[in-house]
Amino acid sequence: MTNSNITEYVLTLSCPDQPGIVAAISTGLFEAKANILESQQHDDPSGRFFMRVVFALENQSELYEWLYTRLEALAGQFKMTWSLHNRSKRRRVMLMVSKMDHCLVDLLYRWRIGELPIEPVAIVANYPKEDYAHIEMKDIPFYYLPITKETKQEQEQKLWDVIKETRTELVVLARYMQILSADMIKKLPGQCINIHHSFLPGFKGAKAYHQAFARGVKLIGATAHYVTEDLDEGPIIEQDVERVSHRDVPEDLVRKGRDIERRVLAKAVRYHIEDRVILNGSKTVIFAD
């Protein structure tokens with residue numbers, strides 16, 4: 001049974017590794033009368049320390065304010081980068097899609113059944129809404145922003161306006177097949193996730209699965225990562241692969257690839273909204289459940 005007098009929070013932090021960090025955080029939470037529910041930490045070879053703590057706190061404003069002030073002081077003492085998130089507040093998520101809609105459909109389904117606790121605030125596509133008539137979008141606002149070389153800058157300004165108006169906290173490129181400009185990416189640091197078909201060797205372009213078939217690959221896969229100015233090179237959140245054989249034709253690879261992309265993207269989004277991902281330069285630390 002949920003206790004209405006208690007709120008659960010997630011604290012994440014990273015800082016230079018040194019003795020006393022865990023003790024200081026634990027003591028601060030104890031003094032605020034918080035109850036620690038989960039705690040994970042990682043001492044990275046780079047010399048940085050990472051931590052994720054889930055705790056319950058009584059709904060008393062003075063306790064929260066005291067704890068927040070205490071955490072700010074500890075952040076200064078240990079040179080921490082940190083965040084504190086109320087678990088009951090759903091992240092406001094924008095979903096962007098192109099012609100291939102399997103990832104969009106999957107995310108909406110997981111949201112609809114309560115598996116993915118997000119608040120979809122907008123669906124943005126470079127194809128008209130009629131192309132997605134088969135998808136149950138409920139009352140999620142839909143924005144048709146077709147992109148051409150001549151209209152890219154104008155449409156990205158409209159996209160940014162929508163992001164601001166909807167107070168979007170996370171942008172998910174659910175097989176959105178347009179490259180965001182460097183200016184747009186700079187506005188979304190650690191707030192934009194993409195799903196990318198990944199192979200060994202790597203194949204780029206719209207016919208990646210056909211290229212893989214031509215090379216006789218034995219594994220196909222997908223990678224979910226944060227979007228950076230380096231195309232498809234952002235910090236990786238989740239990956240998965242599936243074995244294929246000489247019996248598989250390109251259509252088989254496409255079918256299997258869709259399944260991998262769906263589950264990899266869904267897991268990456270869940271990790272992000274549950275504050276399980278902490279950036280570590282060009283990499284990530286993932287505190288999986």
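Which residue's side chain does the side chain of S14 join through a polar contact of 3.2 Å? Colleagues, the partner is R48, and the contact runs between the two side chains. Please bear in mind throughout that this is a predicted model.

S14 belongs to strand β1, which spans residues 6-16. Its relative accessibility is 6%, and S14 therefore counts as buried, since the cut-off for that class is under 20%. If we set aside the neighbours within four places in sequence, the residues in contact with S14 are R48, F49, F50, K79, M80, T81 and I278.

I turn now to the sheet. Four strands form an open sheet in the order β2-β3-β1-β4, and the pairing is antiparallel. The edge positions are taken by β2, residues 35-43, and β4, residues 81-86; each has a single partner strand, so one side of each lacks a neighbour in the sheet. From one strand to the next, the twist averages 10°.

Consider next the pairing of β2 with β3, the latter covering residues 48-58. These two strands run antiparallel and are joined by eight bridges.

To return to the opening point, S14 is a buried residue in strand β1, and its side chain meets that of R48 in a polar contact of 3.2 Å. Thank you.

Note on methods
Residues numbered from 1 in each chain as written. Predicted model: local features only at pLDDT ≥ 70, side-chain atom pairs only at ≥ 80, totals over all residues. Heavy atoms only, no water. Pairing = 2+ DSSP bridges. Axes fitted to C-alpha atoms, helices over the stretch in contact; angles between N-to-C directions. Contact = heavy atoms within 4.5 Å. Buried < 20%, exposed > 50% of the residue type's maximum accessible area, 1.4 Å probe, protein only. Polar contact = N/O pair within 3.5 Å; in protein donor to acceptor, adjacent residues only side chain to side chain.
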